[in-house]
Amino acid sequence: MNHPPIMEDDLHGYVDGALEPERRAEVATYLDDHPDVAKRIGAFAAQRELLRAALAPIADEPLPPELNLSRIIEQRTRRPSVARWAMAAMLLLSIGGLGGWAMRGALEASPGGLVALAQEATASYNVYAPDHVRPVEVRASDSAQLVQWVSDRLHRPVKVPDLAASGYRLMGGRVVATQHGPAAMFMYDDDHGSRLVVLTRSMSSADQNAPMTRQSRGDVGGFAWADDGVGYSLVGRVAPESLRPIANEVRKQARAI
Amino acid sequence: MKDMLLQVEPLIPALRRYARALVRNRATADDLVQDCLERAVRRWHQYRQGEVRAWLFAILHNLAVDQFRKVAARGRHVAIDATSEDHFGEAAAQEHRLMYQDVLNKLARLPEEQRAVLLLVAVEDLSYADAARVLNIPLGTVMSRLSRARERLQQEIEGVTEAPGNVVPMRSVK
């Protein structure tokens, strides 16, 4: 017979069910011929069963809330905004005497994910709006394809806002990467070549609904808000107040979906 | 994170079981599992492919080893006389309970490195290769530790007295 000799590892493999059927059969034959070894291996197998039975109840215990994975994930993603709220609270405490005004300031300064959303919209604006070669991936002429693409990536039906009444034509759009997942970016221009960007994505748990607030960073700015877990930001290199009616229009159309 | 939830959540009971069998204290074990899950959430983007189970057990095992080191550095023995606060075998019938308690007490007398191999292979059903990965040791070392663990546990079960000097102190000196 040209079978390799039975080794110690084979015996453990036999106990743990880790052998190929053929090798397993060879070990079984070997054990039939060696009762002393068979006794030892039988004892190991019994040990294994005893340990498994003794420890099984632990796995059946209900999980304590600290080990709820959904909660751990949620805490993890929410942490930054919690820190911001804590900072806002500290600010309030330190200047408490100013009352309502301080509160208003602190709240406006800490709208959680809206700040990030507006920054993402601004970043997209800064990268794509000056691009004269390929500012958008899919052009307005293929808007059906654009809608399909961004809806697929955002896992929800996305409607492209129509800003024609405000004098802005759709140029097209693309999916952009953000730290909070994929976002849909739509770009518009007017007769003077002035461009606007609308960015929309799902919001993390913190800012499911947030009123429209003015956001600006340098000379690019605009507004951001969130409705039912979906965030929007409209930005451009124009006076923010001239964007407000357009932002209202975008929100009105989005709510009408 | 949805894929993580789907892949990791079903493994939490096994992680608890391993941690509890290793450190023998419910609160300490659950703390380790919680640390492990938080770390896994943070590092999920680093997880590429292969056995999620081996990846998680490796994180958990490293945390447990750190824990052992900290306890050792404080100059205290890991309490083994924890029968009163242990919850092993709660669901089992009374006579089984005693038997289970007994084997777990004996398991606790194995050196930690042997106990870890035996638990990963015999209880958690990790392949020898995955156990080697979790413990960051060569496959041959897994096999020799497994063999020694089984021999030693069998001696304990059969009540064989060991040679003096080779006895691990069972209880901390009060």
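## A loop residue in chain B

N136(B) lies in the loop between helix 7 (128-135) and helix 8 of chain B. Helices here are DSSP runs of H or I with at least four residues, strands are runs of E with at least two, and both are numbered from the N terminus. Is N136(B) buried or exposed? It counts as exposed, because it has 11 C-beta neighbours inside 10 Å. The cut-offs, with C-beta atoms placed from the backbone, are these: 20 or more other C-beta atoms within 10 Å of a residue's own make it buried, 12 or fewer make it exposed, and anything in between is partly exposed.

The backbone is worth a look too. Phi of N136(B) is near 55 degrees, a positive value in a residue that isn't glycine. Most residues other than glycine have a negative phi.

## What you're looking at

This is a predicted model, where local features need pLDDT of at least 70 and side-chain atom pairs count only at pLDDT 80 or more, while totals for chains, interfaces and linings use all residues. Residues are numbered from 1 along each chain as its sequence is written, and chains are lettered from A and ligands numbered from 1 in the order in which they are written.

## The rest of chain B

Chain B has eight helices and zero strands, so its pattern along the sequence reads α-α-α-α-α-α-α-α. Of its 174 residues, 36% count as buried.

Now for contacts, meaning pairs of residues whose C-beta atoms, placed from the backbone, lie within 7 Å. Take the contacts in chain B between residues at least 6 apart in sequence: 63% of them join residues at least 24 apart.

## Helix 3 of chain A

Over in chain A, helix 3 covers residues 35-60. Its 26 residues should span 38 Å at 1.5 Å a residue, and its end C-alpha atoms are 38 Å apart, which agrees. (The expected span is 1.5 Å times one less than the number of residues.) Where does helix 3 kink? The kink, about 30 degrees, lies at A54(A), shortly before the proline P57(A). The bend at a residue is the angle between axes fitted to the seven residues ending there and the seven starting there.

A54(A) is also one of the buried residues of this helix, a list including F44(A), Q47(A) and L50(A). What do these buried residues pack against? Their partners are helix 1 (8-15) of chain A, plus helix 2 (12-23), helix 5 (94-108), helix 6 (112-123) and helix 8 (139-158) of chain B.

## Where the chains meet

The contact takes 28 residues from chain A and 39 residues from chain B. On the chain A side, helix 1, helix 3 and helix 4 (69-94) are the elements that give two or more residues. Helix 3 gives the most, with 14 residues.

By class, that side of chain A has 17 nonpolar, three polar and eight charged residues. Nonpolar covers Ala, Val, Leu, Ile, Met, Phe, Trp, Tyr, Cys and Pro; charged covers Asp, Glu, Lys and Arg; the others, Gly among them, are polar.

## A hairpin in chain A

Strand 5 (residues 210-217) and strand 6 (residues 220-227) of chain A pair in the antiparallel sense over six bridges; pairing takes at least two bridges found by DSSP. One bridge joins R214(A) to F223(A) in strand 6. The two strands form a hairpin with two residues between them, and G218(A) in the turn has a positive phi of about 65 degrees.

D228(A) sits in the loop between strand 6 and strand 7 (230-236) of chain A. It isn't a glycine, yet it has a positive phi of about 50 degrees. D228(A) counts as exposed because it has 9 C-beta neighbours inside 10 Å.

Methods. The expected span of a helix is 1.5 Å times one less than its number of residues. Two residues are in contact if their C-beta atoms, placed from the backbone, lie within 7 Å.
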